[in-house]
Amino acid sequence: VGMERADYLPPERLRELATAIDPAIRLEPDAEQVLQDVADDFVENVAAFACQLASHRGSRTLETQDVQLALEKLWDIRLPGIGESSAELRLIQRRPQAHSDAYKQRMQLVRKSQSKV
């Protein structure tokens, strides 16, 4: 593995998910790798965008509403019961963004491909 990965979805958990669907299923190592990369990218992209949203509204605190809006804007995902009232919002102290080199490289490629369009 040449690129740094965060493993938000560890191999053991991935296998648990797969066998919960079909106990006889086996995952090829390459398929595991792809699923882990997708999970890592998903979490990093949503978290980065949610932090940008919090900053845009002038806050140094990442709130559930920021994550919800990021999920809606990036992936058209709405989580029922999340962020529907201010009493339900749980606060997470915002930390300065520290992107991995792999993430920065992926984002450069995305920006470069978007500028060609």
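Predicted model: local features only at pLDDT ≥ 70, side-chain atom pairs only at ≥ 80, totals over all residues.
Visitor: Are α2 and α4 roughly parallel or roughly perpendicular?
Guide: Two packed helices are described by the angle between their axes and the distance between the axes. The axes of α2 and helix α4 (residues 101-116) come within 12 Å and cross at roughly 80°. Since angles of 65 to 115 degrees count that way, α2 and α4 are roughly perpendicular.

Visitor: How many charged residues does the contact of α2 with α4 have?
Guide: From α2 come Asp-41, Glu-44, Asn-45 and Ala-48, and they meet Tyr-103, Arg-106 and Met-107 of α4. Sorted by class, this contact has 3 nonpolar residues and 1 polar residue, and the number of charged ones is 3.

Visitor: Within what arc do the buried residues of α1 fall?
Guide: Start with the buried residues in helix α1 (residues 11-21): they include Pro-11, Leu-14 and Ala-18. An α-helix has 3.6 residues a turn, so residues three or four places apart point the same way. What covers the buried residues of α1 includes α2. Seen down the axis of α1, its buried residues line one face of the helix, because they fall within an arc of 60°.

Key: Residues numbered from 1 in each chain as written. Heavy atoms only, no water. Axes fitted to C-alpha atoms, helices over the stretch in contact; angles between N-to-C directions. Helix = DSSP H or I, 4+ residues; strand = E, 2+ residues; numbered from the N terminus. Parallel < 35°, antiparallel > 145°, perpendicular 65-115°, else oblique. Contact = heavy atoms within 4.5 Å. Nonpolar A, V, L, I, M, F, W, Y, C, P; charged D, E, K, R; others polar. Buried < 20%, exposed > 50% of the residue type's maximum accessible area, 1.4 Å probe, protein only. Arc of directions from axis to C-beta.
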